[in-house]
Amino acid sequence: MKALQFIGAGKPLTPKDIPAPTPEPGWVVIDVHAAGLCHSDVHILRRPEATWVFKTPIVLGHEVAGTIAALGEGVTGFDIGDRVGIALISHPFGEGLSFAPGLAVDGGYAEQTLAHASTLVRIPDNVSFAQAAVATDSVATAYHAVRSTAQVVPGQNVGIIGMGGLGLNGVRVAALQGATVYGVDINTSMFEAAGQLGAAECFTDIADLKALQPDVVIDFAGAGATTAAAVEAVRPGGRVVVIGLEAGSAEINIPHMVLLSIQLHGSLGASKQDLVEVYDLIAAGELQPRIEGVAFDDVPAALDRLHRGEVTGRLVTNPQERLS
């Protein structure tokens with residue numbers, strides 16, 4: 001079957017014919033109907049230090065949804081043809097990430113992939129494969145960061161830094177939590193979408209948040225300077241949560257953080273239950289991730305667009321509709 005394989009940092013994705021997978025006990029084969037394109041894949045492709053993949057070569061694509069094509073021995077509770085998403089289980093920390101498609105095992109940039117049965121989440125009937133795929137990471141990660149790590153509650157002021165695909169989901173989740181949400185991005189073209197998702201106001205400068213005394217600032221950029229500015233902008237006793245991985249380090253004003261009792265947290269991924277709840281919100285129409293479809297043969301070019309910051313929302317491809 002056709003796949004796009006990662007062979008090493010600094011090298012392009014390589015189209016390759018690979019054997020169709022067969023499931024070992026506890027695993028299933030998935031016909032991939034949607035695979036999300038994530039900025040993490042850009043980091044993996046371009047940064048030698050981005051050692052997030054457990055092996056090379058590997059088929060990338062960690063946002064995956066499709067139908068079950070084959071069941072391994074011992075798998076119960078699922079049938080061939082079931083519509084499922086593959087949860088990227090980061091919480092609780094444990095073996096969940098060792099099953100992650102596109103990171104630990106071959107992922108969704110192929111017509112079929114393997115999934116461990118413990119990671120499968122049923123897709124509600126009125127949720128599309130594309131919505132289900134991007135929900136596994138970009139929506140669930142934002143959901144976990146806002147609800148669990150930032151612990152946003154009604155009535156709070158929340159700043160969202162970086163309003164790409166992940167950050168826009170953060171805006172919506174924070175608004176659903178009953179917070180007053182303020183967005184920050186150097187790209188003003190994101191402001192209209194943020195407003196539609198619930199942002200009260202948007203700025204190009206993080207310092208503009210300070211007068212608003214945000215209880216929480218969530219940094220979806222992680223550009224180093226953005227995290228440092230978030231620590232300066234949040235109210236005394238407030239909380240800064242970092243999700244973005246753009247920079248390797250940040251220079252934080254330690255006396256300011258200590259003397260004002262500012263909390264600084266990292267937030268990685270989500271739990272399986274987070275994904276279940278996200279699917280329910282999408283099914284109810286409360287969450288509607290912004291999605292753009294791209295042809296499977298155009299995935300490398302689309303990842304370049306993502307790298308250049310030319311994408312609003314999330315890109316999704318369907319390997320079943322490949323052209324060659």
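Select His116 and Ser118 to begin, whose side chains are joined by a polar contact of 2.7 Å, a term for a pair of N or O atoms within 3.5 Å in which, within protein, one must be able to donate a hydrogen and the other to accept it, while residues adjacent in sequence count only if both atoms are side-chain atoms. The model is predicted, so that local features need pLDDT of at least 70 and side-chain atom pairs pLDDT 80 or more, whereas totals for chains, interfaces and linings use all residues. Residues are numbered from 1 along each chain as its sequence is written, and side-chain values use heavy atoms, with hydrogens and water left out.

His116 lies in strand 8 (residues 112–116), strands being DSSP runs of E with at least two residues and helices runs of H or I with at least four, numbered from the N terminus. Because its relative accessibility is 18%, His116 counts as buried (under 20% relative accessible area, with exposed over 50% and partly exposed in between, for a 1.4 Å probe and protein chains only). Beyond its neighbours within four places in sequence, show Gly26, Trp27 and Phe99, which are in contact with His116, meaning heavy atoms within 4.5 Å.

Next, select Asp82 in the loop between strand 5 (63–71) and strand 6 (83–86); with 16% relative accessibility, Asp82 is likewise counted as buried. Apart from neighbours within four places in sequence, the residues in contact with Asp82 are Gly66, Thr67, Ile68 and Arg122.
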